[in-house]
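Here are a few friendly notes to read alongside the model. Please keep the 3D view open and find each place as you go.

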Amino acid sequence: MIDVKDLRFAYSRGPEILRGVSFHSEENRVISILGPNGTGKTTFLKCICGIHRPTSGEVTVDGVGISKLRGRDLARKIGYVPQTTPVSRMSVFDAVLVGRKPYIDWSATQSDLDKVSEVLEALGMGDLALKYLDEISGGEFQKVQIARAIVQEPSVLILDEPTNNLDIANQHRTMHMIIDAVRSRGMCTIMTMHDINLAVHYSDLFLFFKDGKVAAYGGLEVITEELIKEVYKIDVEIIDHRGVPMIVPKNSARYHLESHHHPHDIHDHLHGLDPLTDDPFAYGGLP
Amino acid sequence: MMIEGAGGTTDDRSVVKEGYLKYTRRKTLFILGCLVTLVLLSIYTIGLGDTGLSYGEIIHYLLFPDGTWPSTLVWQVRMKAILAAVLSGAALAVAGAVMQSILRNPLASPFTLGLSNAAAFGASFAILFMNGGYIFGSTSAVAMVSSPMAVTVMAFLFAMLATGIMLLLIKATECTPETIVLAGTALSSIFSAALAFLQYVAEDTALSAIVYWQFGSLSKVSYDELTLIFLVMLPIVAYFLYKRWDLNAMEAGEDVARGLGVNVRRTRIVSLVLCAVLTAVVVSFLGVIGFIGLVGPHMVKRIVGNDSRFVLPGSMLVGALVLLLSYIVGTFGGSAVFHTVLPVGIVTSAIGGPLFIWILVRGYRKR
């Protein structure tokens, strides 16, 4: 389905950002790309969907090298939702309809309109169809972006931080929506995630990035305390919660205090804590 | 016209699609309404003033020109100015709409690239050094351009020179909307300084001719020139309409547009050059007519949103309407109040400014 071989990338005259990334996935898989900020996750996504040209290496989708595809042919293979999208004064329906662009010759056909209606209805957004994008909430806006990529009907769906800036309910709703869309259409989804604990609930595969290279790739079994320590440089404990791993930090304001004080003091201490002097580490202070 | 979504039948139409079809039909109606208004206003304009013609006669002479005086009045005086207003208003407004879209900047207009100042500089240069102008009449002091061809050609050449410099700058940089707008502003002030210098050294006669040229006038064009403007406009507008989905994709940002298969850089550069050609042709024949390119698209966007499928034709019609209204105010209002015909370039800015502020204050129109 998707095959990435020894992908390398550097901005002109800059240092190499991707230093030989390889992985393979079958269809109907949800892959989370995890890793600290600035390790080239977004750059990697942009290389896969053809926005950046890799300096070497090749991405193959359904047996076709994407460097050989242009414009709409590429857009029919790979759909991309960037981390941020400008809000413009377009209706929700029109914003999603733009996703049909790779199939539209002169004007949108009835079937294009049907597909947009179907997706909006399936996502429970029928009521919003005629609202302008600047009139809806952040969670709804994010769903519009994903809906646009779904009507694009790509083989591979690429999402950059799909749950950024969403509250816990919207995070899970958005992830459910992505999973449903992927499962019913057999797409392969590759997304970057910051929240490992959210990723473990919705992904089949995990690809850990470190310094422009793959640190680990596989199912839940690759997520170990050692790997998290190696990739993120933080001590964590992995707890089994009804069969799903839960990654919790060993040090936090609460855990740190709990080991030194009586439980009933914790509230007073947390509230009176001066982040600069009392316990810089607990607040993520400078290393 | 390229309005999608209206018409067609399927049995199992969903509520969402049904609602959307109604919604697009309303937008189509708005565009048709503008078209009808434009036609009616044009016919009304022909009958304005002391023509002594009834509307029946006007329509008769429009359809069957016979070389008599009323027919000549209808076709050679009124209709020519009306066509000039409609064509140039539409051209400037569509250029503004496209530029606002590709540069993602609400302040973008045909003059953002420094074109008007460059063209004005070219025209002034021709007036000064290529045997340009003289003053016609002693009391009304109407400055005439004595070799209009040279002036037009120089205006066009300098507008294209500005565009060429712009392209070089784009090539040297990353072609972001910000650099384009900033480079345009810089070019604009360079040519504005050069223009001020020419005006400073010019003699009275030439200075009057320069100022007169800059005001913009709809009555100085010939039918041949109008045909030329039309022939330049036709393929460019067709290209923009063809690219309306690309423009819509670019509304969602550069990365989304690329992900949808749009060659963002090429679309941006080609569209910019075409906007420049469109503006240069209009400006070099008619003089500087400001504000239409800014106010036309914004009025339409307040009503139909940022959907290029409707913004492009809507802007053309509204731009034509605003310029035609300016012509009426300048010609008939001007004669009544100031006993002279006001150049349309002054009127557009004078009524365009308050109109624009009114649109801004009124805010977004609710559906």
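1. A definition to start with: two strands pair if DSSP finds at least two bridges between them. Keep in mind, too, that this is a predicted model. In chain A, strand S9 (residues 205-210) and strand S10 (residues 213-218) pair in the antiparallel sense, over five bridges. S9(A) and S10(A) form a hairpin with two residues between them. Look in the turn for Asp211(A), which has a positive phi of about 50 degrees. Within the pairing, Leu207(A) stands opposite Tyr217(A) in S10(A).

2. Now turn to two helices. Two packed helices are described by the angle between their axes and the distance between the axes. For H4(A) and helix H5 (residues 138-151) of chain A, the angle is about 135 degrees and the axes are 10 Å apart. Angles over 145 degrees would count as roughly antiparallel and 65 to 115 as roughly perpendicular, so H4(A) and H5(A) are oblique to each other. The crossing of H4(A) past H5(A) is right-handed.

3. Which residues of H4(A) and H5(A) meet? From H4(A) come Lys115(A), Val116(A), Val119(A) and Leu120(A), and from H5(A) come Ala147(A), Ile150(A) and Val151(A). Six residues of this contact are nonpolar, one is charged and none is polar.

4. Finally, look at where the chains touch: 34 residues of chain A are in contact with 29 residues of chain B. On the chain A side, helix H2 (71-77), strand S6 (78-81), helix H3 (92-97) and helix H4 (110-122) each supply at least two residues. H4(A) gives the most, with six residues. By type, this side of chain A has 19 nonpolar, nine polar and six charged residues.

Note on methods
Residues are numbered from 1 along each chain as its sequence is written. Chains are lettered from A and ligands numbered from 1 in the order in which they are written. This is a predicted model: local features need pLDDT of at least 70, side-chain atom pairs count only at pLDDT 80 or more; totals for chains, interfaces and linings use all residues. Two residues are in contact if their C-beta atoms, placed from the backbone, lie within 7 Å. Helices (H or I, at least four residues) and strands (E, at least two) are DSSP runs, numbered from the N terminus. Ala, Val, Leu, Ile, Met, Phe, Trp, Tyr, Cys and Pro count as nonpolar, Asp, Glu, Lys and Arg as charged, and the others, Gly among them, as polar. Axes are lines fitted to C-alpha atoms, for helices over the stretch in contact, and angles run from 0 to 180 degrees between N-to-C directions. Angles under 35 degrees count as roughly parallel, over 145 as roughly antiparallel, 65 to 115 as roughly perpendicular and the rest as oblique. A crossing is left-handed if the near helix is turned anticlockwise from the far one by less than a right angle, and right-handed if clockwise.
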